[in-house]
Amino acid sequence: MTTRFHLNGKPVVVACAPDTRLADILRDHLSTTGTKVGCSVGRCGACTVLMDGKAANGCLLMAFQIDGTQIVTIEGLESHALGAAIVAGLEEENAFQCGYCAPGFTIALTALLDEKPDATEADIRAGIEGNICRCTGYHSIIRGALNAARRVREQSRANGD
């Protein structure tokens, strides 16, 4: 089949089998390797992308499901309105150690804060619970996420939202 979608704001066309996973399309067909593949069954969050603004597991989405959608990966986050604030908040707190899980956590946090900029710590914990870190533990990730949430709120106030 031929699937057409927008990746990080740019139109792409990919010829592949209908059951090709989005994570494989991104990595193998489009050379966007920021999206990681961990468990391949939707439990670790390493492959999290934004699909039409919502967090989704790239290992569970097939080519036939993404036709006509807007996909944002970690590589395209800088063009997202909240991207810079979220990345800065996580970086300032040294949220991640090895970085393998970082793209998935960052994308999940972006989806959460886009929908709920006034997210509390409980909201953040619930919003990233589908993401697993095997190195850092979660204290620095939560600190970074709270820092990012504060930055998003400040950005929103500065923009008069």
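Mentor: One term before we start: contact means heavy atoms within 4.5 Å. This is a predicted model, where local features need pLDDT of at least 70 and side-chain atom pairs count only at pLDDT 80 or more, while totals for chains, interfaces and linings use all residues. Residues are numbered from 1 along each chain as its sequence is written, and side-chain values use heavy atoms, with hydrogens and water left out.

Trainee: OK, what does Arg4 touch?
Mentor: Leaving aside residues up to four places away in sequence, Arg4 touches Val12, Val13, Ile66, Asp67, Gly68 and Thr69.

Trainee: How far apart are Arg4 and Ile66 in space?
Mentor: 7.8 Å, C-alpha to C-alpha, though 62 residues separate them in sequence.

Trainee: And where is Arg4 placed?
Mentor: In strand β1, residues 2–7. Helices (H or I, at least four residues) and strands (E, at least two) are DSSP runs, numbered from the N terminus.

Trainee: New topic: in what order do the strands form the sheet?
Mentor: β2-β1-β5-β3-β4, an open sheet of five strands with mixed pairing. Two strands pair if DSSP finds at least two bridges between them.

Trainee: Which strands stand at the edges?
Mentor: β2 (10–15) and β4 (54–57); each has a single partner strand, so one side of each is left without a neighbour in the sheet.

Trainee: How many bridges do β3 and β4 share?
Mentor: Four, in the antiparallel sense, with β3 covering residues 48–51. Val49 has Ala56 in β4 as its bridge partner.
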